[in-house]
Amino acid sequence: MLSREVRNDRVAENREEIEGHVREILRLIGEDPAREGLRDTPARVTRMYEEIFGGYDKDYAEILGVTFDEQHEELVIVKDIVYYSQCEHHMAPFFGKIHIGYIPSGKIAGLSKFARLVDVVTRRLQVQERITSEIANIMEEVLQPHGVMVVVEGEHLCMCARGVKKYGSKTITSGVRGSFRKDAALRSEFLSLINR
Ligand SMILES: Nc1nc2c(ncn2[C@@H]2O[C@H](COP(=O)(O)OP(=O)(O)OP(=O)(O)O)[C@@H](O)[C@H]2O)c(=O)[nH]1
Ligand SMILES: [Zn+2]
């Protein structure tokens with residue numbers, strides 16, 4: 001059983017209906033949903049949706065959790081946070097790493113909470129740009145730091161496995177708030193630390 005933090009309760013509530021639709025798609029693409037290998041597939045796909053779409057209806061402030069008062073007003077970076085998401089155009093996976101940096105202004109968050117925030121924002125139908133700006137905006141709103149910078153790297157299967165089929169191409173997006181916007185040296189420091 002998945003924990004509440006990473007579970008989509010609507011999928012659980014609508015399980016039978018979703019399973020029925022998946023079975024119908026199998027039939028419509030020319031498969032036999034009753035053959036042994038596929039018999040449990042609609043249930044498996046539904047359970048997978050419960051997990052990979054577990055980011056809906058979550059409270060961000062709660063996820064960043066208890067913040068601590070701390071007078072460290074210098075750069076904090078959590079880098080290489082792995083994510084898996086689904087592009088909203090094709091419902092195909094995209095995945096990669098997210099790097100988050102911020103300059104606290106009296107409030108810091110527990111380090112694991114950044115990874116939880118990444119899970120909640122990415123486990124939905126998304127575009128990479130929105131993942132980037134949502135993380136930056138939530139950080140700004142909850143922690144009210146001097147500045148935030150978020151870099152997201154993504155490999156999109158809708159560009160590799162189909163369509164233009166450019167295997168290995170990567171998309172990099174950045175979101176910059178507060179002091180990072182004004183201070184080029186700070187952006188460079190962040191970028192050199194995440195690229196080490
Ligand atoms: N900006 C952005 N585009 C994305 C993302 N994920 C997928 N896409 C793009 O969404 C676009 C959808 O384009 P459409 O022309 O409507 O769909 P399509 O005919 O399947 O396009 P092709 O992928 O070019 O075959 C494609 O260019 C995808 O590469 C993302 O996270 N951000
Ligand atoms: Zn896509």
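Analyst: A crossing of two helices is left-handed if the near helix is turned anticlockwise from the far one by less than a right angle, and right-handed if it is turned clockwise. The model here is predicted, so local features need pLDDT of at least 70 and side-chain atom pairs count only at pLDDT 80 or more, while totals for chains, interfaces and linings use all residues. Residues are numbered from 1 along each chain as its sequence is written, and chains are lettered from A and ligands numbered from 1 in the order in which they are written.

User: Which hand does the crossing of α6 and α7 have, and why are these helices called oblique to each other?

Analyst: The crossing of α6 and α7 is right-handed. The axes of α6 (residues 111–122) and α7 come within 10 Å and cross at roughly 135 degrees, where axes are lines fitted to C-alpha atoms, for helices over the stretch in contact, and angles run from 0 to 180 degrees between N-to-C directions. Angles under 35 degrees count as roughly parallel, over 145 as roughly antiparallel, 65 to 115 as roughly perpendicular and the rest as oblique, and α6 and α7 are therefore oblique. Helices (H or I, at least four residues) and strands (E, at least two) are DSSP runs, numbered from the N terminus.

User: Which residues of α6 meet α7?

Analyst: Leu117, Val118, Val121 and Thr122 in α6 meet Ile131, Glu134, Ile135 and Ile138 in α7, a contact being two C-beta atoms, placed from the backbone, within 7 Å. By class this contact has six nonpolar, one polar and one charged residues; Ala, Val, Leu, Ile, Met, Phe, Trp, Tyr, Cys and Pro count as nonpolar, Asp, Glu, Lys and Arg as charged, and the others, Gly among them, as polar.

User: What makes α2 and α4 oblique to each other?

Analyst: The axes of α2 (residues 15–28) and α4 (residues 41–52) come within 8 Å and cross at roughly 125 degrees, and the two helices are therefore oblique. Their crossing is right-handed. Among the residues that meet there are Ile18 and Val22 in α2, and Val45 and Tyr49 in α4.

User: How do you know that β2 pairs with β3, and in which sense does β2 pair with β5?

Analyst: Two strands pair if DSSP finds at least two bridges between them. Nine bridges join β2 to β3, which run antiparallel, and valine 78 stands opposite isoleucine 100 in β3. β2 and β5 pair in the parallel sense over two bridges, with leucine 125 in β5 as the bridge partner of glutamine 86.

User: What makes β5 and β7 the edge strands?

Analyst: The five strands form an open sheet in the order β5-β2-β3-β6-β7, with mixed pairing, and β5 (125–126) and β7 (171–178) each pair on one side only. β7 pairs with β6 (residues 147–156) in the antiparallel sense over eight bridges. Helix α7 (residues 128–143) lies across this set of strands, β2, β3, β5, β6 and β7, and runs at about 25 degrees to β7.

User: Which helices each supply at least two residues of the shell around ligand 1?

Analyst: They are α7 and α8 (157–160). The residues that surround ligand 1 include Cys87, His89, Gln128, Glu129, His156, Cys158 and Met159, where near means a C-beta atom, placed from the backbone, within 6 Å. By class the shell has five nonpolar, four polar and one charged residues.
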